[in-house]
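Let's take a walk through this structure together, stopping at a handful of residues and at the ligand.

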Amino acid sequence: MNIFEQIESDVRTYSRSFPVVFKRAQGAQLMTEDGREFVDFLAGAGTLNYGHNHPVLKKALLSYIEQDGLTHGLDMYSCAKREFLQTFHDLILTPRGFSDYRVQFTGPTGTNAVEAALKLARKVTGRSEIISFTNGFHGVSGGALACTGNQHHRGGMGASLADVTRMPFDGYLGDGVDTTEYLDKTLSDPSSGIDHPAAVIVETIQGEGGLNAASYAWLRNLQAVCRKHDMLLIVDDIQSGCGRSGHFFSFEEAGIQPDIITLSKSLSGYGLPFAVTIFRESLDQWSPGEHNGTFRGNNHAFITAAAAFRHFWSDDTFAKAVRRKAEKLRSGLQALIQRHGARDLILKGRGLMSGIECPNGELAERVVRLAFSKGLVIETSGAHGQVVKCLVPLVITDEQIEFGLKVLDQAFNQALSELSQQAS
Ligand SMILES: *Cc1c(COP(=O)(O)O)cnc(C)c1O
């Protein structure tokens, strides 16, 4: 038995899908200790938008370490933090109309940023109720988990998950039903049984929930319902942000202005743990230290994040390239769907957060396992694990996209014929 299986908890997951030992990685390529190569269509579940070990970020980090720059600094001022705040303000927030938003450094994980957002919304409004959506995923600590829909994760809590009301996400009741009308109706009815919420938390593209992309109209309607009923709008952009949709924030094209935004996963750009919660200045009602955490100042992440902002977000060249690659990937997936059963397979998602929904989890599972045997690291998502999810690094090359599409094509071919043999 290897040391992983001998002493690592049974809670481990990805290592079960990819039972090899990885040693090196560069861009969208992973290498195992025994020299096998894989193309990475998982990208650290959306944490490696700029790929593994991007040379520009690596150089900035190595030079910072070489000069004995601070690694840990609680939440003290540091040159690295100044560099992060200045570039974030100048290159990301200001051009998108968020120049007066405040930045809170939370603990380093996404779930930490979500907890801070929920706590702030409850504190500012003095109300406890939060609205979240079917199939939403917001993390696995208490408050965030209460907003998460996934039964498997919720079951792990072993305690009540209170003060959250679930509403149907866009498309949940089929095309032609605008589910924000239901939300508006229940909030307008004093006998609906739903107390006045503090906030609504939403993903614009549900990552773990199966790549359900909210329409821009639905997002605008949701914002209007929030304004009408005096609730804060929290966009959890942890997975869909940092360029994945083809824009830095996933909601830019919808033209909405959330009150609170959470970012983590690809924020450091280098796979380092790092999260922020940003919000309107008027909501900054924290007293000093009221919400804290030892690891709020990952100075290495400040350095790589600032380098990523400068390298990728000084103009729109990168975002345009992401949108072009997304078109390439999505048209490839659409062609694959045409070849293998246009009736049963559905193109999901938006931008480079796209994939194929299968009629059941068995097919999707078989496809990703076969794909792995052919050199592609890729996972499923969705309530039944029914969506084959392409979460490629945004820096992926055209050749690597073509390779992944070819592997998926073969995997669908083989999986469908195996399953039909089984059935007959
Ligand atoms: C991953 C994720 C989280 C949780 O982040 P962790 O770093 O795993 O705690 C929260 N919200 C969304 C949308 C996510 O994708």
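Ser424 lies in the segment that follows helix H14, which spans 398–423. This is a predicted model, so please read every value here as computed from its atoms. Is Ser424 buried or exposed? Its relative accessible area is 80%, and because exposed means over 50%, Ser424 counts as exposed. The side chain of Ser424 makes a polar contact with the backbone oxygen of Gln421, at 3.1 Å. For a sense of scale, pick out Tyr172 as well: Ser424 and Tyr172 are 252 residues apart along the chain, and their C-alpha atoms are separated by 34 Å.

Ile396 is placed in the loop between strand S17 (387–390) and H14. With a relative accessibility of 0%, Ile396 counts as buried, because the cut-off for buried is under 20%. Along the chain, Ile396 and Lys58 are 338 residues apart, while 17 Å separates their C-alpha atoms.

Thr277 is buried, with a relative accessible area of 0%. What does the side chain of Thr277 reach? It comes to 2.9 Å from the backbone oxygen of Ala113.

Helix H6 runs through residues 110–125, and Ala116 is found there. Ala116 has a relative accessible area of 0% and is therefore buried. Between Ala116 and Ser63 there are 53 residues of separation in sequence and 32 Å in space, taken from C-alpha to C-alpha.

Let's turn to the ligand, which sits in the largest pocket.

A backbone N or O atom of Gly110 is 2.8 Å from an oxygen atom of the ligand. A polar backbone atom of Phe137 lies 3.4 Å from a nitrogen atom of the ligand. With Gln239 the side chain takes part: one of its N or O atoms is 2.8 Å from an oxygen atom of the ligand. How much of the ligand does the protein bury? Taken alone, the ligand exposes 380 Å², and the protein buries 82% of that.

Finally, here are two residues to look at for their backbone angles. Most residues other than glycine have a negative phi. Asp163, however, has a positive phi, near 70 degrees. You will find Asp163 in the loop between helix H8 (151–155) and strand S6 (164–167). Its relative accessibility is 37%, so Asp163 counts as partly exposed.

Leu211 has a positive phi too, near 60 degrees. Where does Leu211 lie? Its loop is the one between strand S8 (205–206) and strand S9 (212–213). The relative accessibility of Leu211 is 0%, so Leu211 counts as buried.

How values were computed:
Residues are numbered from 1 along each chain as its sequence is written. Side-chain values use heavy atoms; hydrogens and water are left out. A polar contact is a pair of N or O atoms within 3.5 Å; within protein, one must be able to donate a hydrogen and the other to accept it, and residues adjacent in sequence count only if both atoms are side-chain atoms. Accessible areas come from the Shrake-Rupley method with a 1.4 Å probe; for residues, only the protein chains shown count as cover. On a 1 Å grid over the protein atoms alone, a cavity is a set of points where a 1.4 Å probe fits but cannot get out, and a pocket is an open set with protein on both sides within 12 Å along at least five of seven lines; lining residues have an atom within 4 Å of a point. A molecule sits in a cavity or pocket if more than half of its atoms lie within 2 Å of its grid points. Helices (H or I, at least four residues) and strands (E, at least two) are DSSP runs, numbered from the N terminus. Buried means under 20% relative accessible area, exposed over 50%, partly exposed in between (1.4 Å probe, protein chains only).
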